Amino acid sequence: PCDDGTQSPLWGRVPEEVSFPGLKALMAITEDGFAERFASSAVKRIGRDRLLRNVAVALGNTGDASAIPVLEDALSTESDLV
């Protein structure tokens, strides 16, 4: 936190120990899994393909090399949006 103005805020930086397993798991979600998980959520409105596109962008922005295989697998999806 940057309460007194003497410290640098952490905005724009991800600590090295942070991982993103939730994002990686979302990239494998099926249509049925999406419908079940987000049935009562506003996320349902954007649909699975748009969610996966956004997750792919977020994963790419993490700089986490372990996300590369997950993103490569996403290239084989039937959706051009993802």
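Among contacts in the chain between residues at least 6 apart in sequence, what percentage join residues at least 24 apart? The figure is 52%, where a contact means heavy atoms within 4.5 Å.

**Before you start**

This is a predicted model, in which local features need pLDDT of at least 70 and side-chain atom pairs count only at pLDDT 80 or more, while totals for chains, interfaces and linings use all residues. Residues are numbered from 1 along each chain as its sequence is written, and side-chain values use heavy atoms, with hydrogens and water left out.

**Stop 1: the whole chain**

Show the chain as a cartoon. Look for four helices and zero strands. Along the sequence the pattern reads α-α-α-α. Helices (H or I, at least four residues) and strands (E, at least two) are DSSP runs, numbered from the N terminus.

Of the 82 residues, 22% count as buried. Buried means under 20% relative accessible area, exposed over 50%, and partly exposed in between (1.4 Å probe, protein chains only).

**Stop 2: helix α3**

Select residues 43–62, which make up α3. This helix has 20 residues, yet its end C-alpha atoms are only 22 Å apart. A straight helix would reach 28 Å at 1.5 Å a residue; the expected span is 1.5 Å times one less than the number of residues.

Where is the kink in α3 centred? Go to D49: the kink there is about 75°. The bend at a residue is the angle between axes fitted to the seven residues ending there and the seven starting there.

Next, colour the buried residues of α3: G47, R48, L51, L52, V55, A56, L59 and T62.

**Stop 3: A56**

Stay in α3 and pick A56. Its relative accessible area is 16%, so A56 is buried. Leaving out residues up to four places away in sequence, A56 touches M27 and L71.

**Stop 4: the end of α3**

Move along to T62, still in α3. Is T62 buried or exposed? T62 is buried, because its relative accessible area is 17%. A polar atom of the T62 side chain lies 3.1 Å from the backbone nitrogen of D64. Just after α3, select G63, which takes a positive phi of about 75°.

**Stop 5: V82**

Jump to V82, in the segment after α4 (68–74). V82 counts as partly exposed because its relative accessibility is 23%. Which residues does V82 touch, not counting those up to four places away in sequence? They are M27, D49, L52, R53, A74 and T77. One of these, L52, is 30 residues from V82 in sequence and 6.0 Å away in space, C-alpha to C-alpha.

**Stop 6: the aromatic pair**

Finish with the rings. Rings of Phe, Tyr and Trp (its six-membered ring) pair if their centres lie within 6.5 Å; planes under 30 degrees apart count as stacked, over 60 as edge-to-face and the rest as tilted. By this rule there is one aromatic pair. Select F34 and F38: the pair is tilted, with 5.1 Å centre to centre and 45° between the planes. F34 is buried, with a relative accessible area of 5%. F38 is buried too, at 11%.

Notes: A polar contact is a pair of N or O atoms within 3.5 Å; within protein, one must be able to donate a hydrogen and the other to accept it, and residues adjacent in sequence count only if both atoms are side-chain atoms.
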